[in-house]
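The sequence and structure come before the details.

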Amino acid sequence: MHRRSPFAILALAVVLGACTGASQTSGQEGPAEPEPAEAAPSVAEYETFDPSAYDARPPERTVEVTHQVPDRLLQGRADEGVQQTVEGFRVQVFSARDKQAAQDFQVKVRQWWEENKAEAPTAVLGNEPPIVVQYSQPYYRVRMGAFAERDAAEEALAFVRSAYPNAFISRGTVTVTR
């Protein structure tokens, strides 16, 4: 037979006693319900002052504000003249495997621009649009303009196609001036 220690029996009694749960005591109820609050008295019951008899207005203030904030910031043109590199568009006019051929064509496009810039949509192309040679294996590409929005690139494309009918819009990283 196994002999049990008095500590084991005592521990077993404590555990079994704790598992029985709390017993309800008589005479106790749940939490008391709050008493209804009395309605606050109306201001009209005790206030007798009528301010409408007095013509008192606060004085008008004329304050001159001096600051060092540039006018373009105050007018909401903070980003005017700021250059930003974005994923945008260019108009591609030529592509070749020969670097010299692409550079010669770039000169030709620049001459065409100088002759025709009076008719160009300057709101889109500006006064001097960038005309660049970009290399992407295996071609050297001659591209014109730098546009953040496709609508502007399409307007420029319509003008450029008068001289270069095979021109098209290409995506790329461009630097635009806001």
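## Overall fold

Read along the sequence, the protein chain follows the pattern α-α-α-β-α-α-β-β-α-β, with 6 helices and 4 strands; helices (H or I, at least four residues) and strands (E, at least two) are DSSP runs, numbered from the N terminus. The model is predicted, so that local features need pLDDT of at least 70 and side-chain atom pairs count only at pLDDT 80 or more, whereas totals for chains, interfaces and linings use all residues. Residues are numbered from 1 along each chain as its sequence is written, and side-chain values use heavy atoms, with hydrogens and water left out.

Of the 178 residues of the protein chain, 21% count as buried, a term that means under 20% relative accessible area, with exposed over 50% and partly exposed in between (1.4 Å probe, protein chains only). Among contacts (heavy atoms within 4.5 Å) between residues at least 6 apart in sequence, 72% join residues at least 24 apart.

## The sheet and its helices

An open sheet of 4 strands has the order S2-S3-S1-S4, with antiparallel pairing, where two strands pair if DSSP finds at least two bridges between them. Its edge strands are S2 (131-136) and S4 (168-177), each of which pairs on one side only. S2 and S3 are joined in the antiparallel sense over 6 bridges, and Gln 134 stands opposite Arg 141 in S3.

Helix H4 lies across S1, S2 and S3 and runs at about 30° to S3; axes are lines fitted to C-alpha atoms, for helices over the stretch in contact, and angles run from 0 to 180 degrees between N-to-C directions. Helix H6 also packs on the sheet, where it touches S1, S3 and S4, and its direction makes about 30° with that of S1.

Not counting residues up to four places away in sequence, Trp 113 touches several residues, including Ala 120, Leu 125, Pro 129, Met 144 and Phe 159.

## A buried glutamine

Gln 106 lies in helix H4 and counts as buried because its relative accessibility is 18%. Leaving aside neighbours within four places in sequence, Gln 106 is in contact with Ile 131, Val 132, Val 133 and Val 142.
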